[in-house]
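Please read it with the model open.

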Amino acid sequence: AFKRLLGSSPSIDFARATLREVSTALQTQEVSAEDLTAWSLDRCDVAHGRLNCLAGSAEDRAEWRHRAEKAAAEAGDRIRAGTPLSALDGIPLTVKDNFCVEGMATSACSKVLGSWRPPFSAASVESLEAAGAVLTGKTNQDEFGMGSATAYSRYGPVASPWSYQRATHLEIRGNDVESQAAGGAAATGADGRHLDSGDPAEEAAGPAPPSPSTFVAAAG
(Lines give C-alpha, C1' and ligand atoms only; values in the text may rest on other atoms or scores of the structure.)
Protein backbone atom coordinates (compact mmCIF):
# COMPACT_ATOMS: atom_id res chain seq x y z
CA ALA A 1 0.00 0.00 0.00
CA PHE A 2 2.89 2.36 0.79
CA LYS A 3 4.50 1.80 -2.64
CA ARG A 4 1.17 2.30 -4.40
CA LEU A 5 0.61 5.52 -2.48
CA LEU A 6 4.04 6.88 -3.34
CA GLY A 7 3.62 5.92 -6.96
CA SER A 8 0.24 7.59 -7.25
CA SER A 9 1.08 10.84 -5.46
CA PRO A 10 4.82 11.32 -4.92
CA SER A 11 4.52 15.06 -4.22
CA ILE A 12 2.51 14.65 -1.00
CA ASP A 13 3.83 13.43 2.34
CA PHE A 14 0.62 11.99 3.76
CA ALA A 15 2.21 11.41 7.16
CA ARG A 16 2.53 15.19 7.58
CA ALA A 17 -0.25 16.48 5.32
CA THR A 18 -3.12 18.58 6.67
CA LEU A 19 -6.71 17.44 6.28
CA ARG A 20 -7.17 20.00 3.53
CA GLU A 21 -4.21 18.61 1.58
CA VAL A 22 -5.41 15.03 2.01
CA SER A 23 -8.92 16.01 0.95
CA THR A 24 -7.63 17.80 -2.14
CA ALA A 25 -5.50 14.79 -3.13
CA LEU A 26 -8.54 12.54 -2.85
CA GLN A 27 -10.97 14.84 -4.65
CA THR A 28 -8.55 15.43 -7.54
CA GLN A 29 -7.84 11.68 -7.64
CA GLU A 30 -4.12 12.05 -7.04
CA VAL A 31 -4.61 9.15 -4.66
CA SER A 32 -7.50 6.73 -4.23
CA ALA A 33 -9.44 6.31 -1.02
CA GLU A 34 -8.63 2.60 -1.14
CA ASP A 35 -4.85 3.09 -1.32
CA LEU A 36 -4.87 5.85 1.29
CA THR A 37 -6.87 3.71 3.72
CA ALA A 38 -4.66 0.65 3.16
CA TRP A 39 -1.57 2.78 3.84
CA SER A 40 -3.19 4.24 6.93
CA LEU A 41 -4.13 0.82 8.31
CA ASP A 42 -0.62 -0.52 7.72
CA ARG A 43 0.97 2.45 9.49
CA CYS A 44 -1.50 2.08 12.34
CA ASP A 45 -0.35 -1.51 12.81
CA VAL A 46 3.33 -0.50 12.83
CA ALA A 47 2.78 2.37 15.26
CA HIS A 48 0.63 0.27 17.57
CA GLY A 49 3.30 -2.41 17.77
CA ARG A 50 5.75 0.17 19.10
CA LEU A 51 3.53 2.66 20.94
CA ASN A 52 0.43 0.72 22.05
CA CYS A 53 -1.78 3.53 20.75
CA LEU A 54 -4.80 1.47 19.66
CA ALA A 55 -7.58 -0.10 21.71
CA GLY A 56 -9.08 -3.55 21.26
CA SER A 57 -7.85 -7.06 20.58
CA ALA A 58 -6.13 -8.30 17.43
CA GLU A 59 -9.51 -9.72 16.38
CA ASP A 60 -11.15 -6.33 16.94
CA ARG A 61 -8.52 -4.61 14.81
CA ALA A 62 -8.97 -7.18 12.03
CA GLU A 63 -12.68 -6.42 12.09
CA TRP A 64 -11.92 -2.69 11.89
CA ARG A 65 -9.67 -3.31 8.87
CA HIS A 66 -12.43 -5.13 7.02
CA ARG A 67 -14.92 -2.39 7.88
CA ALA A 68 -12.53 0.37 6.80
CA GLU A 69 -11.67 -1.32 3.50
CA LYS A 70 -15.37 -1.60 2.67
CA ALA A 71 -16.00 2.06 3.55
CA ALA A 72 -12.96 3.16 1.52
CA ALA A 73 -14.15 1.25 -1.54
CA GLU A 74 -17.53 2.96 -1.30
CA ALA A 75 -15.87 6.37 -0.90
CA GLY A 76 -13.58 5.69 -3.84
CA ASP A 77 -16.56 4.86 -6.05
CA ARG A 78 -18.30 8.09 -5.07
CA ILE A 79 -15.22 10.23 -5.71
CA ARG A 80 -14.57 8.64 -9.11
CA ALA A 81 -18.22 9.23 -10.02
CA GLY A 82 -17.85 12.89 -9.06
CA THR A 83 -20.37 12.61 -6.22
CA PRO A 84 -18.41 12.82 -2.95
CA LEU A 85 -20.45 13.26 0.19
CA SER A 86 -18.23 16.05 1.49
CA ALA A 87 -14.61 17.18 1.69
CA LEU A 88 -14.11 14.43 4.28
CA ASP A 89 -15.16 11.64 1.93
CA GLY A 90 -12.49 8.92 1.91
CA ILE A 91 -10.34 10.40 4.67
CA PRO A 92 -9.17 7.79 7.23
CA LEU A 93 -9.37 8.64 10.91
CA THR A 94 -9.62 6.99 14.28
CA VAL A 95 -11.98 7.51 17.20
CA LYS A 96 -11.25 7.36 20.89
CA ASP A 97 -12.56 4.25 22.66
CA ASN A 98 -15.17 6.22 24.59
CA PHE A 99 -17.01 7.04 21.33
CA CYS A 100 -19.64 4.42 20.54
CA VAL A 101 -19.60 2.87 17.07
CA GLU A 102 -22.59 0.70 16.31
CA GLY A 103 -21.74 -3.00 16.37
CA MET A 104 -18.04 -2.50 17.14
CA ALA A 105 -16.37 -3.46 20.42
CA THR A 106 -16.38 -0.41 22.71
CA SER A 107 -15.05 -0.61 26.25
CA ALA A 108 -13.78 2.92 27.05
CA CYS A 109 -10.59 0.94 27.80
CA SER A 110 -12.21 -0.54 30.91
CA LYS A 111 -12.60 -4.21 31.86
CA VAL A 112 -16.01 -3.29 33.27
CA LEU A 113 -17.57 -3.08 29.81
CA GLY A 114 -15.78 -6.16 28.52
CA SER A 115 -16.38 -6.51 24.77
CA TRP A 116 -19.65 -4.57 24.73
CA ARG A 117 -20.95 -3.73 21.26
CA PRO A 118 -23.26 -0.72 21.32
CA PRO A 119 -26.51 -0.80 19.30
CA PHE A 120 -25.94 2.84 18.29
CA SER A 121 -23.18 5.27 17.30
CA ALA A 122 -22.17 8.50 19.01
CA ALA A 123 -23.51 11.64 17.31
CA SER A 124 -19.98 12.66 16.28
CA VAL A 125 -19.39 9.24 14.71
CA GLU A 126 -22.70 9.43 12.84
CA SER A 127 -21.78 12.87 11.50
CA LEU A 128 -18.32 11.77 10.39
CA GLU A 129 -19.57 8.67 8.62
CA ALA A 130 -22.43 10.58 7.01
CA ALA A 131 -19.72 12.86 5.57
CA GLY A 132 -17.86 9.83 4.17
CA ALA A 133 -14.98 9.65 6.65
CA VAL A 134 -13.40 6.19 6.87
CA LEU A 135 -13.03 5.04 10.47
CA THR A 136 -10.00 2.79 10.87
CA GLY A 137 -10.15 1.88 14.57
CA LYS A 138 -10.29 2.90 18.22
CA THR A 139 -7.50 4.60 20.16
CA ASN A 140 -6.21 3.85 23.62
CA GLN A 141 -7.16 6.06 26.60
CA ASP A 142 -7.51 6.05 30.36
CA GLU A 143 -10.38 3.95 31.67
CA PHE A 144 -13.59 5.93 31.00
CA GLY A 145 -11.39 8.92 30.22
CA MET A 146 -10.52 9.40 33.90
CA GLY A 147 -6.86 10.35 33.59
CA SER A 148 -4.42 12.11 31.32
CA ALA A 149 -1.63 9.69 30.34
CA THR A 150 -3.34 6.27 29.79
CA ALA A 151 -1.90 4.99 33.04
CA TYR A 152 -5.24 3.35 33.82
CA SER A 153 -6.15 1.70 30.52
CA ARG A 154 -7.03 -1.99 30.38
CA TYR A 155 -4.63 -2.19 27.43
CA GLY A 156 -1.72 -0.60 29.26
CA PRO A 157 -0.13 2.83 28.77
CA VAL A 158 0.67 4.44 25.45
CA ALA A 159 4.43 4.67 24.94
CA SER A 160 6.04 8.04 24.40
CA PRO A 161 7.01 8.69 20.77
CA TRP A 162 10.17 10.31 22.13
CA SER A 163 11.18 7.28 24.19
CA TYR A 164 9.54 3.88 23.79
CA GLN A 165 10.52 2.91 27.34
CA ARG A 166 8.49 5.72 28.89
CA ALA A 167 4.77 6.23 29.31
CA THR A 168 3.28 9.25 27.61
CA HIS A 169 3.56 12.58 29.35
CA LEU A 170 0.61 14.66 30.52
CA GLU A 171 -2.06 15.42 27.91
CA ILE A 172 -0.71 12.99 25.29
CA ARG A 173 -3.01 10.01 24.74
CA GLY A 174 -3.62 7.31 22.17
CA ASN A 175 -5.55 9.60 19.85
CA ASP A 176 -2.73 12.19 19.86
CA VAL A 177 -0.05 9.59 19.23
CA GLU A 178 -2.01 7.64 16.61
CA SER A 179 -3.01 10.62 14.51
CA GLN A 180 0.60 11.83 14.31
CA ALA A 181 2.72 8.69 14.49
CA ALA A 182 0.42 6.40 12.54
CA GLY A 183 -1.53 6.87 9.37
CA GLY A 184 -4.72 8.50 10.53
CA ALA A 185 -5.28 11.91 8.97
CA ALA A 186 -7.07 12.88 12.17
CA ALA A 187 -8.48 11.44 15.36
CA THR A 188 -11.42 12.33 17.57
CA GLY A 189 -10.72 13.18 21.19
CA ALA A 190 -12.42 14.52 24.27
CA ASP A 191 -10.07 17.46 24.80
CA GLY A 192 -11.20 19.52 21.79
CA ARG A 193 -7.81 19.56 20.07
CA HIS A 194 -8.83 17.19 17.27
CA LEU A 195 -11.45 17.18 14.55
CA ASP A 196 -15.04 17.25 15.78
CA SER A 197 -16.72 19.79 13.51
CA GLY A 198 -16.68 17.78 10.30
CA ASP A 199 -14.98 20.65 8.45
CA PRO A 200 -11.44 19.81 7.24
CA ALA A 201 -10.79 23.48 6.51
CA GLU A 202 -11.22 24.32 10.19
CA GLU A 203 -8.78 21.59 11.22
CA ALA A 204 -6.25 22.65 8.61
CA ALA A 205 -6.44 26.27 9.70
CA GLY A 206 -6.04 25.43 13.38
CA PRO A 207 -2.77 25.26 15.34
CA ALA A 208 -0.55 22.32 14.45
CA PRO A 209 0.22 19.70 17.14
CA PRO A 210 3.66 20.04 18.73
CA SER A 211 6.60 18.45 16.91
CA PRO A 212 4.70 16.30 14.40
CA SER A 213 7.94 15.28 12.74
CA THR A 214 9.03 13.67 16.00
CA PHE A 215 5.88 11.56 16.10
CA VAL A 216 6.29 10.49 12.48
CA ALA A 217 9.94 9.62 12.97
CA ALA A 218 9.03 7.51 16.01
CA ALA A 219 6.63 5.47 13.88
CA GLY A 220 9.39 4.68 11.43
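1. Contact, as the word is used in this note, means heavy atoms within 4.5 Å. By that rule S121 touches C100, V101, E102 and E126, not counting residues up to four places away in sequence. The C-alpha atoms of S121 and E102 are separated by 4.7 Å, although the two residues are 19 residues apart along the chain.

2. Some ground rules come next. This is a predicted model, in which local features need pLDDT of at least 70 and side-chain atom pairs count only at pLDDT 80 or more, while totals for chains, interfaces and linings use all residues. Residues are numbered from 1 along each chain as its sequence is written, and side-chain values use heavy atoms, with hydrogens and water left out.

3. The protein chain has eight helices and five strands. Helices here are DSSP runs of H or I with at least four residues, strands are runs of E with at least two, and both are numbered from the N terminus. Read from the N terminus on, the order of elements is α-α-α-α-β-α-β-β-β-α-β-α-α.

4. How much of the protein chain is buried? Buried residues make up 49% of its 220 residues. The word buried stands for under 20% relative accessible area, exposed for over 50%, and partly exposed for what lies in between (1.4 Å probe, protein chains only). The protein chain exposes about 9,800 Å², and carbon and sulfur atoms supply 55% of that area. Accessible areas come from the Shrake-Rupley method with a 1.4 Å probe, and for residues only the protein chains shown count as cover. Of the contacts in the protein chain with a separation of 6 or more, 66% are between residues 24 or more positions apart.

5. Helix α3 (residues 33-51) and helix α4 (residues 58-80) pack with their axes 8 Å apart and at an angle of about 155°. Axes are lines fitted to C-alpha atoms, for helices over the stretch in contact, and angles run from 0 to 180 degrees between N-to-C directions. Why are α3 and α4 called roughly antiparallel? The term applies to angles over 145 degrees; under 35 counts as roughly parallel, 65 to 115 as roughly perpendicular and the rest as oblique. α3 and α4 are therefore roughly antiparallel to each other.

6. The residues of α3 that meet α4 include A33, L41 and H48, and those on the α4 side include R61, A72 and R80. α3 passes α4 in a right-handed crossing, where right-handed means that the near helix is turned clockwise from the far one by less than a right angle, and left-handed anticlockwise.

7. Most residues other than glycine have a negative phi. Q29, in the loop between α2 (19-27) and α3, has a positive phi of about 65° although it is not a glycine. Q29 counts as partly exposed, at 45% relative accessibility. N52, in the loop between α3 and α4, also is not a glycine and has a positive phi of about 55°.

8. L19 is in helix α2 and is buried, with a relative accessible area of 2%. L19 and L88 are 69 residues apart along the chain, and their C-alpha atoms are separated by 8.2 Å.

9. The loop between β1 (92-96) and α5 (123-130) holds S121 and W116. Is S121 buried or exposed? S121 is buried, with a relative accessible area of 12%. W116 counts as partly exposed, at 33% relative accessibility. Leaving aside neighbours within four places in sequence, W116 is in contact with C100, M104, A105 and T106. The C-alpha atoms of W116 and A105, 11 residues apart along the chain, are separated by 5.5 Å.

10. Rings of Phe, Tyr and Trp (its six-membered ring) pair if their centres lie within 6.5 Å; planes under 30 degrees apart count as stacked, over 60 as edge-to-face and the rest as tilted. The count comes to one aromatic pair by this rule. W116 and F120 form that edge-to-face pair, 6.2 Å centre to centre with 65° between the planes. F120 is partly exposed, with a relative accessible area of 42%.

11. D142 lies in the loop between β2 (134-139) and β3 (159-160). At 2% relative accessibility, D142 counts as buried. Beyond its neighbours within four places in sequence, D142 is in contact with residues including A108, C109, G147 and Y152.
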